[in-house]
Amino acid sequence: MMNGPEISGAPKASGEPKKKRAAFEGMLGMAEKSAKEAQRRRENPEVITRTTEAPKSPEERERRERVEKLVDAAYALDNELFTSILPLEDFEESKQSLDAVDTMVNGDEVKRERLGETGINSISKRTFRLEGNPEVVAFVKPQSGEATFKYDPTTKQLMSVQHELGDNGSIGEKQTVYASYKEIGQGDMLKSTPEDVRAQIEDNAIVDHFKSRLEGGERIRKQIADYYGITPEEVPLKHDEFGPRVGIDAGDSVIREYTMSRINELVKFGVVPLTTLHAESLTKDVSTAEDKKLNRKVQEVTKNVDVASAQEAARGKEMSVKLFKELKEQGPKHKGAKSLMRLACLDYLGKTVDRHPKNIFYEDSTGQFSGLDNGLSGGLSRTYDARNEKGEPAKKSGPIDAYRSVAMELTEEHDDWALDEEAVIELMRIYDSTKNYLAAREKVGSIAGAGKEIKYLTNLFRLQYGNEKIAAKEGRDFFTRLEYLIKNRRPPKLSTEEQFRYDLHLAEDEEEKAA
Amino acid sequence: MTDKIYYFPMDADGNETGKAILIDLNQDGSANVSRLPEELRERLETFGVPDALHQTLLLPKDGSRFLDALLRTANGYTRFRSTDKTPTV
């Protein structure tokens with residue numbers, strides 16, 4: 001027989017006194033219980049949640065509807081990917097991923113910790129909870145946190161624009177004037193600009209960037225239109241607001257983060273933490289004194305104020321100098337070689353231009369690399385005038401912004417560093433299925449249930465680019481890159497890209513001279 | 001312009017594990033990263049931090065621009081703040 005723990009000093013009860021004591025203890029218990037209940041209620045007041053009315057401004061209403069539609073569309077695509085596209089033998093893994101997505105999209109936020117500085121960096125660490133699923137800790141970056149650059153043609157001024165979410169759920173702008181555009185590139189511009197922006201304007205890369213978008217905007221637009229078979233008006237680049245790359249506009253980095261994560265899931269490389277789109281809500285406490293007296297909390301929730309990327313926490317730490325040197329020296333013999341080559345191949349597939357060491361994490365115990373901050377991937381491509389090997393005029397095509405990936409740079413150091421067999425098999429699975437589908441479609445037209453991968457990818461690109469023809473072309477380009485990886489078991493060397501950049505500048509020079 | 005920020009050491013779960021470490025400017029305008037843990041210092045001195053456009057990598061010699069870039073790229077794994085928390089050194 002099991003005995004309960006003996007309580008030291010507990011009175012030994014017997015007979016009548018026991019009853020009295022019991023009654024007394026009962027009263028004490030009730031009082032204690034009631035005090036505890038009062039405390040519990042104080043700590044956990046009744047919460048009444050009200051959803052705010054739709055905004056009166058049609059623009060704001062449309063913006064929120066877009067946020068909702070985007071998150072819903074991504075969620076529908078995720079259901080499709082994890083339940084019917086990925087192989088059945090990976091069911092358990094797919095289920096876990098879908099549960100995590102579900103929790104990040106539909107779960108309650110139970111903890112939030114702001115990590116970045118207000119007005120500089122809006123990243124926060126949040127814990128999401130959904131009944132029946134494990135809790136998910138994710139890093140959340142709202143789209144409004146992405147800085148953009150604007151040009152005002154009236155004042156001819158360049159501005160850095162920081163978007164801020166207002167109390168009412170609308171997104172406002174905080175602008176910092178960079179310089180008068182007319183002054184950029186001129187020797188005396190630094191005299192007329194404030195001290196704190198001088199250093200930034202001196203940065204040739206920034207000046208080059210603005211010049212190419214402002215001066216060459218129409219030309220670039222035409223080159224992009226030629227590449228995708230669209231009109232220059234359809235090119236999804238804004239005229240007066242720029243992102244950090246020529247072919248990557250500001251305002252959709254969270255979708256790019258999401259797309260890169262899903263490409264990683266599709267090819268099953270395991271090198272990008274699971275990322276979802278998340279609709280941000282704004283919660284305001286509107287309790288009155290009366291509510292407080294009645295021990296209740298009234299909160300007003302404004303839904304879909306912004307779209308954010310929520311990324312599961314990565315394991316490991318940033319790439320160190322020591323690790324970089326080890327990888328360079330040991331190449332394919334390094335413990336993390338397999339994973340780094342996968343990341344290099346993913347960077348190639350996803351047209352990454354921002355994979356610097358700060359965006360690469362490594363977990364030593366497992367030899368696993370993770371690629372973070374994928375907001376600058378999937379830029380637009382173009383067709384441009386260049387020269388062939390004989391120096392004759394020729395058309396060339398490729399991404400506008402050159403690949404930049406430490407993973408690609410490192411893996412090209414060793415010729416015997418190749419993509420692992422398991423990863424190649426995954427690529428072949430997608431490639432074969434698509435090839436068979438396209439061949440069959442040519443003969444008998446569209447086939448229901450077949451070619452799931454290409455259909456999924458095109459839908460993913462549709463979400464990202466918002467243009468049917470661009471999505472279709474990007475889907476085809478993806479499979480060209482996939483084929484390259486299967487044949488060569490590694491991405492092309494970046495030196496080829498350097499050549500591309502050189503060709504590009506050459507072509508631009510030629511055009512400028514001709515003009 | 002930022003002339004001093006703090007680095008907060010963290011564990012793998014993102015919890016702060018130690019007191020803030022000051023990064024300020026040297027007399028020559030460069031950022032003084034000498035108080036940082038060796039691995040981090042070496043990483044920042046070698047790889048640098050991307051600028052606002054992620055085009056150029058800024059190094060400690062870039063002074064306050066470098067500090068601004070650290071604040072901008074702070075994430076759940078490496079935390080920098082321009083706070084008034086008392087530094088350890």
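This is a predicted model: local features need pLDDT of at least 70, side-chain atom pairs count only at pLDDT 80 or more; totals for chains, interfaces and linings use all residues.
## Strand β5 of chain A

In β6(A), A:T148 has A:V161 as its bridge partner. That contact belongs to the antiparallel pairing of β5(A) with strand β6 (residues 157-165) of chain A, which runs over five bridges. Two strands are said to pair here if DSSP finds at least two bridges between them. Strands themselves are DSSP runs of E with at least two residues, while helices are runs of H or I with at least four residues, and both are numbered from the N terminus.

β5(A) has another partner as well: it pairs in the antiparallel sense with strand β8 (residues 241-242) of chain A over two bridges. There, A:K150 stands opposite A:E241 in β8(A). How many of the five residues of strand β5 (residues 148-152) of chain A are buried? Four of the five are, so this strand is largely enclosed by the rest of the structure. Buried means under 20% relative accessible area, exposed means over 50%, and partly exposed lies in between (1.4 Å probe, protein chains only).

## How to read the model

Residues are numbered from 1 along each chain as its sequence is written, and chains are lettered from A and ligands numbered from 1 in the order in which they are written.

For the complex, the predictor gives an ipTM of 0.73 and a pTM of 0.82. Chain B averages a pLDDT of 82, and 85% of its residues score at least 70. Over residues 84-89 of chain B, however, the pLDDT is below 50, and this stretch has twelve contacts in the model beyond near neighbours in sequence. As a reminder, pLDDT is the predictor's confidence in each residue, from 0 to 100, and a contact means heavy atoms within 4.5 Å.

## Chain A as a whole

Chain A has 15 helices and 15 strands. Of its 515 residues, 49% are buried. Take the contacts in chain A between residues at least 6 apart in sequence: 66% of them join residues at least 24 apart. Chain A exposes about 26600 Å², with carbon and sulfur atoms supplying 50% of that area. Accessible areas come from the Shrake-Rupley method with a 1.4 Å probe; for residues, only the protein chains shown count as cover.

β11(A) joins strand β12 (residues 360-363) of chain A in the antiparallel sense over two bridges. Which residue in β12(A) is the bridge partner of A:E318? A:F361 is.

Now for the rings. Rings of Phe, Tyr and Trp (its six-membered ring) pair if their centres lie within 6.5 Å; planes under 30 degrees apart count as stacked, over 60 as edge-to-face and the rest as tilted. By this rule there are nine aromatic pairs over all chains. One of them is A:Y227 with A:Y228, edge-to-face at 4.8 Å centre to centre and 85° between the planes; both of these residues are buried. Another is the tilted pair of A:Y362 and A:F369, at 4.5 Å centre to centre and 35° between the planes. A:Y362 and A:F369 are both buried too.

## Chain B

Buried residues account for 53% of its 89 residues. Among contacts in chain B between residues at least 6 apart in sequence, 46% join residues at least 24 apart. The accessible surface of chain B is about 4000 Å², and 43% of it belongs to carbon and sulfur atoms.

Four of the strands form an open sheet in the order β3-β2-β1-β6 (chain B), with antiparallel pairing. At its edges are β3 (31-32) and β6 (79-81) of chain B, each pairing on one side only. Strand β1 (residues 4-8) of chain B runs antiparallel to β6(B), and three bridges join them; B:Y7 has B:F80 in β6(B) as its bridge partner. Finally, B:R81 lies over the face of B:F8, at 4.8 Å from the ring centre. A charge sits over a ring if NZ of Lys or CZ of Arg is within 6 Å of the ring centre and within 35 degrees of the ring normal.

Conventions: Side-chain values use heavy atoms; hydrogens and water are left out.
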